[in-house]
Amino acid sequence: MRVNKNYASLKNNYLFATISSKVDEFKSSNPDKKLIYMGIGDITRPLCGAVVDELKKAVEDMAGPKTFKGYGPYQGYDFLRNCVCKYYNDHGAKIDPDEVFISDGAKSDCANMLDIFDNNQIILIPDPVYPVYLDTNVMAGNKVIFADATEENNFLPLPKGDLDVDVIYICSPNNPTGAVYDKKQLKLWVDYANEKGAIILFDSAYEAFIDEKTLPRSIFEIQGARTCAIEICSLSKTAGFTGTRCGFTIIPKELKRDGNIVNNMWMRHQTTSFNGVSYIIQRGAAAVFTEIGQKQVGENLLYYKKNAEIISHSMDEMKIWYTGGKNSPYIWLKCPNSMDSWEFFDLLLNDLNIVGTPGSGFGRNGQGFFRLTAFGTHQDTIEAMKRLKSFI
Ligand code: PLP
């Protein structure tokens, strides 16, 4: 028996482990100090009432002999796929219910999608970015090259040169930088992918944070995307589903590679290796798309957006360079006084009792940058900014 040797090439990601050990050490030597956590990427507000009510009704269904459900459709129930489809169509992205695959979240589909691609291909991944893209490709033995996201391009790299690439990862609004591509910039990526015969894996997990009407929430708002893109989305941040688990992936019928319809291949993949998301959770997810659900989910999002605004206004006042804060729950700032990411982390922790995330943990280009998140309470966010302003 031999194991997948590619696992040996994975770099240990000490980011969150190092943060926790530094925080634990600080807490044991300073038990009286109140720490403010601004490094968390998880939501803190509970599920909205409309979702909870629907979850309860679905539990009742499971208790009745006539309404009980066994295995569901592999692709997800029609009632949820139709909701997703309407949501996209209302935002100007034309898709069909047959193109929607309900999932248990974006992370699994990001990882499992590689099963339908040949190994040893050239994968273009932005640096810095959500670490799952890199690690899953290392596990698959693919050759990864990086698109440099830097202060010079506002952390929004564009196609460069004449590289032959097979898969292009785009995350917009981006984790960790909060940067959002506009339609013109995405069009450049779509044209590039179509010219190269590449596939774009577009991660729109933070689309619900977009307020500006002109910014694209979906790659399918861009002409030409239906022949080159797959979109992976999630209700985790949109509706507080990080612990409830539901997302979806959209694969247009026009997307073909090597003579294969990619939608059919993914269907084949799912029928073989996935038995669907539970009926109860899909009912809860469908409630997100109702009028009342959208209103309630919108109130929670507004709460986080207000925090993002508090942080970005403070950055403006302190004249600290940053991306994000608008249309995103992340604020990606340049560490003051040319500090490196960990120096700034230590200073925030030890002197101001604030915990954030060092940018260097998200890739080489993250060195000298730092991520703050808007997922805390208003009170903590205001207090953290007060502490920072008194220091800078
Ligand atoms: N994509 C990005 C960019 C993320 O930041 C995250 C979670 O933080 C995910 C995907 C995973 O989402 P899910 O909870 O749906 O697996």
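**Entry 1: α11 against α12**

I looked up which residues join helix α11 to helix α12. F344, L347, L348, D351 and L352 in α11 meet R387, L388 and F391 in α12. I took contact to mean heavy atoms within 4.5 Å. By class, this contact has 6 nonpolar, no polar and 2 charged residues. Here Ala, Val, Leu, Ile, Met, Phe, Trp, Tyr, Cys and Pro count as nonpolar, Asp, Glu, Lys and Arg as charged, and the others, Gly among them, as polar.

I noted the sources next. This is a predicted model, where local features need pLDDT of at least 70, side-chain atom pairs count only at pLDDT 80 or more, and totals for chains, interfaces and linings use all residues. Residues are numbered from 1 along each chain as its sequence is written, and side-chain values use heavy atoms, with hydrogens and water left out.

Then I checked the geometry. The axes of α11 (residues 341–352) and α12 (residues 378–391) come within 11 Å and cross at roughly 105°. That makes α11 roughly perpendicular to α12; the label covers 65 to 115 degrees, while angles under 35 count as roughly parallel, over 145 as roughly antiparallel and the rest as oblique. Axes are lines fitted to C-alpha atoms, for helices over the stretch in contact, and angles run from 0 to 180 degrees between N-to-C directions. Helices (H or I, at least four residues) and strands (E, at least two) are DSSP runs, numbered from the N terminus.

**Entry 2: α10 against α12**

I turned to helix α10 (residues 291–317). It packs with α12 at an angle of about 5°, with the axes 10 Å apart. That makes α10 roughly parallel to α12. On the α10 side, the contact includes Y303, K306 and N307. On the α12 side, H378, T381 and I382 are among the residues. The residues of this contact divide into 7 nonpolar, 4 polar and 3 charged.

**Entry 3: the ligand**

A polar backbone atom of K107 is 3.0 Å from an oxygen atom of the ligand. For R245, a polar side-chain atom lies 2.8 Å from a ligand oxygen atom. The protein covers 90% of the 400 Å² of accessible area (Shrake-Rupley method, 1.4 Å probe) that the ligand has on its own.

**Entry 4: loops**

I looked for cis peptide bonds. One joins D127 and P128, with omega about 5°. P128 sits in the loop between β3 (122–127) and α5 (132–139). Another joins N175 and P176, with omega about 20°.

Conventions. Polar contact = N/O pair within 3.5 Å; in protein donor to acceptor, adjacent residues only side chain to side chain.
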